[in-house]
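These are my notebook entries on what I looked up in the structure shown below. I began with the chain as a whole and then turned to single residues.

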Amino acid sequence: MSGQDIIITGVAAMFIVCVIPALRSKQKPPMATSLPLFIGLFTIGCVYVSLGLALSAYMTFAQGFLWGWLALQKSRQPK
């Protein structure tokens, strides 16, 4: 595990902790925020895999999953 992998993993873990209140809240971020983050984080995760930053990729995929979950929650909210 490289130093870059450790730093990126730590920052990603902080971002995961920061998104948890949004998952629990009744008010969700707009789809214009959630969907691009979902797609972008999965893209970045694939780049990390190609660079051999496995732990960073795992954490980034976890972030992407949470933003996708937020998008799903937003899509199921009454209008």
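What percentage of the 79 residues in the chain do buried residues make up? I found 32%, taking buried as under 20% relative accessible area, exposed as over 50% and partly exposed as in between, with a 1.4 Å probe and protein chains only.

I note that this is a predicted model, in which local features need pLDDT of at least 70 and side-chain atom pairs count only at pLDDT 80 or more, while totals for chains, interfaces and linings use all residues. Residues are numbered from 1 along each chain as its sequence is written, and side-chain values use heavy atoms, with hydrogens and water left out.

**Chain.** I read three helices and zero strands, these being DSSP runs numbered from the N terminus (helices H or I, at least four residues; strands E, at least two). The C-alpha atoms fill a box of roughly 45 × 20 × 15 Å along the principal axes.

**Lysine 28.** I located lysine 28 in the loop between helix H1 (3-24) and helix H2 (31-50). Its side chain reaches the backbone oxygen of leucine 23 at 2.8 Å, and a polar atom of that side chain lies 2.4 Å from the backbone oxygen of serine 25. Leaving aside neighbours within four places in sequence, I listed its contacts (heavy atoms within 4.5 Å), among them Leu70, Gln73 and Gln77.

**Methionine 1.** I placed methionine 1 in the segment before H1, and I noted that methionine 1 is exposed, with a relative accessible area of 71%.

Key:
Polar contact = N/O pair within 3.5 Å; in protein donor to acceptor, adjacent residues only side chain to side chain.
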